[in-house]
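Thanks for sending this one over. Here are my notes, in numbered points, to read alongside the structure.

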Amino acid sequence: MQRVDTVRLAQRCMEMCDALAKCTEEEGHITRTFLAEPTHEAHRLLRAWMEQAGMAVQVDAAGNLRGVYAAEVGNAPRLLMGSHIDTVPDAGAYDGVLGVVMAIALVEGLAGGKLNYAIEVVAFSEEEGVRFGVPFLGSRALTGDAEPLLERADADGISVRQAIRNFGLDPERLAEARVQQPVLGFMEMHIEQGPVLESLGQGVGIVEAIVGQSRLQLAFTGRANHAGTTPMHLRQDALVAAAEWIALVEREASATAGLVATVGQMQVKPGAGNVVPGEAVMSLDVRHADDTERRMAVELFLHRAQEIAQRRGLMLTHSIRMEHSAVQMDVALTARLEAAAHAVGQHPLCMTSGAGHDAMVMAQQFPVAMLFLRSPGGISHHPEEAVLVEDVAAALEIGCQFLQELENR
Ligand SMILES: [Zn+2]
């Protein structure tokens with residue numbers, strides 16, 4: 001494989017992201033939800049770039065655009081690369097999209113040279129869960145797990161099935177979207193969407209695991225009463241109990257490596273300035289790359305809440321709203337990615353991802369590896385989301401070497 005001009009390819013990636021940013025449902029903003037009209041234009045652009053790079057392109061029944069770069073011989077295994085092209089409302093230009101165009105750029109870098117494995121670049125149609133309130137429609141089609149979502153409806157009552165039809169595709173052919181083995185793995189490049197790489201002065205990171213997550217709702221119930229006539233020692237104030245507990249959650253999470261815990265919502269009843277709060281209902285979001293650590297943390301937080309409730313004469317109730325396990329990246333494929341980085345003189349940070357990605361779904365059936373790129377300011381899901389062209393070049397250099405390492409597998 002000849003030396004690839006990754007700086008030029010990185011610039012090209014930036015241009016491709018700019019062009020895709022113009023495919024939007026909202027003039028002046030970047031909004032592109034699952035199979036909305038502008039997806040046609042995004043597909044047109046991506047298809048042209050993929051074909052230029054020598055890929056055979058088709059759109060599957062879930063709206064995933066898929067370009068296959070054939071191997072030097074038939075019947076070879078394939079490496080999957082890519083990310084998603086849907087966005088949150090008023091998004092930035094790089095979340096998801098960057099990983100798709102970088103995968104195309106890596107194939108461009110081959111300049112027509114064939115490998116002993118095929119490459120399939122996937123532009124997943126849906127990852128964010130905006131339109132149908134459920135994420136990963138695109139990747140779930142590749143793992144054969146999208147069928148149960150077909151009857152889900154969006155805010156206008158349009159089902160996934162109908163949305164697929166409206167886009168000009170045939171939902172009856174969803175099963176054909178499933179990836180056929182043999183597959184070497186799935187490699188996703190994505191912006192970090194957080195501040196860790198930047199805070200350590202690193203441009204690129206290698207993901208070892210995507211954190212597991214628990215979401216709960218808790219309520220302290222005391223007694224609402226007159227703020228003037230109820231002496232301090234005769235109160236059952238739900239809000240001060242909540243305040244005490246929230247500060248404790250922060251303290252415990254700060255003291256536990258790799259743990260993040262957030263109380264992001266609270267409703268106080270009755271919610272008047274001159275009434276002692278009778279009820280405080282809160283959300284709790286707990287994440288860790290180790291499921292045991294996460295479960296222990298949730299137990300501890302509940303236990304502490306119970307102690308506070310008891311001491312203050314309140315009642316505590318809670319319910320678990322959502323729980324999903326951490327997803328480990330494939331050890332061997334990740335080691336290959338790391339070896340590729342070292343071979344080109346880079347030492348990316350090994351880290352966990354605090355956000356979900358397509359790689360999470362793909363990991364259920366294929367070996368997966370993930371490369372993170374620094375997010376300037378840690379900003380994402382926001383118009384100011386950015387990426388440094390030198391980080392894109394560095395990641396592409398690792399990517400090129402990774403393709404070479406796989407050739408020598
Ligand atoms: Zn994303």
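1. The largest nonpolar core has 66 residues, and those with the most contacts inside it are Leu98, Ile119 and Val392. By nonpolar core I mean a set of buried Ala, Val, Leu, Ile, Met, Phe, Trp, Tyr and Cys residues joined through side-chain atoms within 4.5 Å. Buried stands for under 20% relative accessible area, exposed for over 50%, and partly exposed for what falls in between, with a 1.4 Å probe and protein chains only. Beyond its neighbours within four places in sequence, Leu98 is in contact (heavy atoms within 4.5 Å) with Cys17, Ile191, Leu373, Val387 and Val392. A second, separate core has 24 residues, including Ala242, Ala253, Leu259 and Ala305.

2. A word on the basis of all this. The model is predicted, so to speak of local features pLDDT of at least 70 is needed, and side-chain atom pairs count only at pLDDT 80 or more, while totals for chains, interfaces and linings use all residues. Residues are numbered from 1 along each chain as its sequence is written, and side-chain values use heavy atoms, with hydrogens and water left out.

3. The protein is divided into domain 1 (6–210 + 328–407) and domain 2 (212–324), with bounds that come from an automatic or database domain assignment. Their centres, taken over C-alpha atoms, are 38 Å apart. Six residues from domain 1 and four residues from domain 2 take part in the contact.

4. Please have a look at Glu126, in the loop between β4 (118–124) and α4 (137–142). Helices (H or I, at least four residues) and strands (E, at least two) are DSSP runs, numbered from the N terminus. Glu126 is buried yet has no salt bridge, and the nearest side chain of opposite charge, Arg131, is 8.8 Å away. For charge, Lys and Arg count as positive and Asp and Glu as negative, with His and the chain ends not counted. What lies 3.1 Å from a polar atom of the side chain of Glu126? That is the backbone nitrogen of Phe136, and the backbone nitrogen of Leu137 lies 3.3 Å from a polar atom of the Glu126 side chain. Among the residues that Glu126 touches, not counting those up to four places away in sequence, are Phe34, Asp86 and Asp358.

5. On to the salt bridges, where a side-chain nitrogen of Lys or Arg is within 4 Å of a carboxyl oxygen of Asp or Glu: the count comes to 22. In one of these, Glu151 pairs with Arg161, the closest N and O atoms being 2.7 Å apart. Glu151 lies in the loop between α4 and α5 (160–166) and Arg161 in helix α5, so the pair ties together parts that are 10 residues apart in sequence. Glu151 counts as exposed, at 53% relative accessibility.

6. Glu172 and Arg165 also meet in a salt bridge (3.7 Å, N to O). Glu172 is exposed, with a relative accessible area of 55%, whereas Arg165 is partly exposed, at 39%.

7. Within helix α8 (residues 291–312), Glu307 and Arg304 lie three residues apart, about one turn of the helix. Their side chains form a salt bridge (3.6 Å, N to O). Glu307 is partly exposed at 37% relative accessibility, and Arg304 is partly exposed at 25%. Elsewhere, salt bridges that share partners join Asp60, Arg66, Arg78 and Glu120 into one network.

Notes:
A polar contact is a pair of N or O atoms within 3.5 Å; within protein, one must be able to donate a hydrogen and the other to accept it, and residues adjacent in sequence count only if both atoms are side-chain atoms.
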